[in-house]
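This report describes selected parts of one protein model. The sequence and structure come first, and the notes follow.

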Amino acid sequence: MNILTKTAEIREIRSSWHEKGLRIGFVPTMGALHQGHLSLVQQSKQENDITIVSIFVNPTQFNESSDFVNYPRTEDADIELLKAVNPEVIFIPLATEMYPEPNHSIELDLEGLDRVMEGKFRQGHFAGVVTIVDKFFDLIQPDRAYFGQKDFQQLQIIRLLATKRYPQTSIIACPIIREPDGLAMSSRNARLTADQRERSLVISQALFHLESRWKKATISELTEEAKSLFLSSGLELEYFEVVDPLSLNPVYEYTGSSLVACVAARVGEIRLIDNISLPA
Ligand code: AMP
C-alpha cells in the first residue's frame, strides 16, 4: 500500500501500469471512511490489477462553508482501515495539488440532472463534483471507477460525465451499505449526537415503508405516507421524491419501469441523504 500525495507521482506510476496492460480501478472518497467505502475498494480489488483510493475533501463541492469546515477528517484511522482491504495506492493530495488554478471549473452540460433534488438544495454542488472527478479521471485514466448508489444523483451525473468525456472508463455502481438498524452509512453520521442518530432512523424507515407498500396505493399516496413519518421526527425534510432513474424527474404514476425514491433531510445542521430502488 503506497501513499502518494503528488499528481506527478500518480501520472508516472499510472503510465507505467498502462504500458504493462494492468487494469486500474479507482475509488474516489472524501475520507472519514466506513464499511460503505471499503465495499467499493473490495469490489475494485476483485475486478482490477491495481486499485487507487483517493482521499480528498473537495472544497469546490461544498455549498456551505460550515459543512466543509466540520466535515470529519480522520486520515490516520482511514489509512488503518484501508490496510484491511489493501489497495495498491492511497492518493491524498493537498488542495493546491488538485487546484493549481484555484477557480478552475469544467464546463459540461449535465442535461438537467444537476437541477433537481440535491441540485435545488445545494447550489453549485454538482459543478464541484464534476470538476474534481474530471480532474481525477484525467489524471488516473481508470479502466473502472466505483461509486456508491447511496449518492444516486451523483452516480447518474458521473455516468453522464464518463459518457461524454471518458468513454474508456466504466462506471460501476455499488449497493448502499447500511448499519444493522437501517441507517445508510455516511461520513456525516459521525457528527450525530446519540439523540440525532436515533431520530435519523426515520429516513431509512420511510424508504422501507414505501418499499413495503409499493404498488399497494398510488405513488402520490405512498409519498405522502412516507413524508408524514417525518412530522414528529424532529428532522427537517428537504425532499422526498420518487423519480425516474435516468431523467431524475419526479414520477407520480407507475410506469412499468423501475424507479428510485430519494430523500434528503436535516437533523440539526447535519444533512443526510438516502434512497431505495423500487421494482418495475
Ligand atoms: P464520500 O466519501 O462520501 O464522497 O463517498 C465516496 C464514495 O463512497 C461515493 O461513491 C459514495 O456514494 C460511496 N458511499 C458512501 N456511503 C456509502 C454507503 N453507505 N454505501 C455504499 N457506498 C457509499
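## Alanine 32 and the basis of the model

Alanine 32 counts as buried, at 10% relative accessibility; buried means under 20% relative accessible area, exposed over 50% and partly exposed in between, with a 1.4 Å probe and protein chains only. The model is predicted: local features need pLDDT of at least 70, side-chain atom pairs count only at pLDDT 80 or more, and totals for chains, interfaces and linings use all residues. Residues are numbered from 1 along each chain as its sequence is written, and side-chain values use heavy atoms, with hydrogens and water left out.

Alanine 32 is placed in the loop between β2 (24-29) and α2 (35-47). Helices (H or I, at least four residues) and strands (E, at least two) are DSSP runs, numbered from the N terminus.

## Positive phi values

Most residues other than glycine have a negative phi. Alanine 32 has a positive phi, near 50 degrees. Glutamate 111, not a glycine either, has a positive phi of about 55 degrees. Its place is in the loop between α5 (95-98) and α6 (118-121).

## Serine 187

Serine 187 lies in the loop between β6 (170-174) and α9 (194-199). With 7% relative accessibility, serine 187 counts as buried. Leaving aside neighbours within four places in sequence, serine 187 is in contact (heavy atoms within 4.5 Å) with Gly31, Ala32, His34, His37, Tyr71 and Pro72.

The side chains of serine 187 and tyrosine 71 are joined by a polar contact of 3.4 Å. A polar contact is a pair of N or O atoms within 3.5 Å; within protein, one must be able to donate a hydrogen and the other to accept it, and residues adjacent in sequence count only if both atoms are side-chain atoms.

## Helices α7 and α8

Two packed helices are described by the angle between their axes and the distance between the axes. The axes of α7 (residues 125-140) and α8 (residues 152-165) come within 11 Å and cross at roughly 50 degrees. Axes are lines fitted to C-alpha atoms, for helices over the stretch in contact, and angles run from 0 to 180 degrees between N-to-C directions. The two helices are therefore oblique to each other: angles under 35 degrees count as roughly parallel, over 145 as roughly antiparallel, 65 to 115 as roughly perpendicular and the rest as oblique.

From α7, Phe126, Val129, Val130, Val133, Asp134 and Phe137 meet Gln153, Gln154, Ile157, Ile158, Leu161 and Arg165 of α8. The residues of this contact divide into 8 nonpolar, 2 polar and 2 charged. Here Ala, Val, Leu, Ile, Met, Phe, Trp, Tyr, Cys and Pro count as nonpolar, Asp, Glu, Lys and Arg as charged, and the others, Gly among them, as polar. Aspartate 134 is buried, with a relative accessible area of 5%. Beyond its neighbours within four places in sequence, aspartate 134 is in contact with Ile106, Leu161, Arg165 and Tyr166.

## Helices α10 and α11

α10 and α11 pack at an angle of about 150 degrees, with their axes 9 Å apart. That makes α10 roughly antiparallel to α11. Ala206, His209 and Leu210 in α10 meet Leu222, Thr223, Glu225 and Ala226 in α11. By class, this contact has 4 nonpolar, 2 polar and 1 charged residues.

Alanine 217 lies in the loop between α10 (201-212) and α11 (219-228), and counts as buried at 14% relative accessibility. Not counting residues up to four places away in sequence, alanine 217 touches Leu222 and Tyr254.
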